[in-house]
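Work through the exercises below with the sequence and coordinates at hand, and compare each step with the solution given.

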Amino acid sequence: MMTDTTFITLFILFGACFGFLTYAQRHLYSEGPHQAKGTDDSLFETRTFWVLLCALLWPIMVVTRIHSAWLLHKRKKQAKPVVLH
């Protein structure tokens, strides 16, 4: 039988894995489709912060990413030129 500690550990472990996997696309969660120019933070500090943030808030990040992907798809669809024959 699984204890509460097991569920909490799995939640944090899954979130940390989610953070490692989504680090390269972290701009999609806050800044939109374009990355910020010239970040002053070191790679280790930003990656550590992102992994810790995702470890605790990964369900919210998943919903945010789905919404961002939907918005980007919608914008791309609207930007296509209409060809009339």
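**Exercise 1.** Determine whether Thr-22 is buried or exposed.

Solution. Buried means under 20% relative accessible area and exposed over 50%, with partly exposed in between, for a 1.4 Å probe and protein chains only. Because its relative accessibility is 10%, Thr-22 counts as buried. This is a predicted model, in which local features need pLDDT of at least 70 and side-chain atom pairs count only at pLDDT 80 or more, while totals for chains, interfaces and linings use all residues. Residues are numbered from 1 along each chain as its sequence is written, and side-chain values use heavy atoms, with hydrogens and water left out.

**Exercise 2.** Describe how helix 1 and helix 2 are arranged.

Solution. The axes, lines fitted to C-alpha atoms over the stretch in contact, come within 7 Å and cross at roughly 115° for helix 1 and helix 2 (residues 43–79). Helix 1 is therefore roughly perpendicular to helix 2, a class that spans 65 to 115 degrees. Among the residues that meet are Phe-18 and Thr-22 in helix 1 and Trp-50 and Cys-54 in helix 2.

Terms used
Axes fitted to C-alpha atoms, helices over the stretch in contact; angles between N-to-C directions. Helix = DSSP H or I, 4+ residues; strand = E, 2+ residues; numbered from the N terminus. Parallel < 35°, antiparallel > 145°, perpendicular 65-115°, else oblique. Contact = heavy atoms within 4.5 Å.
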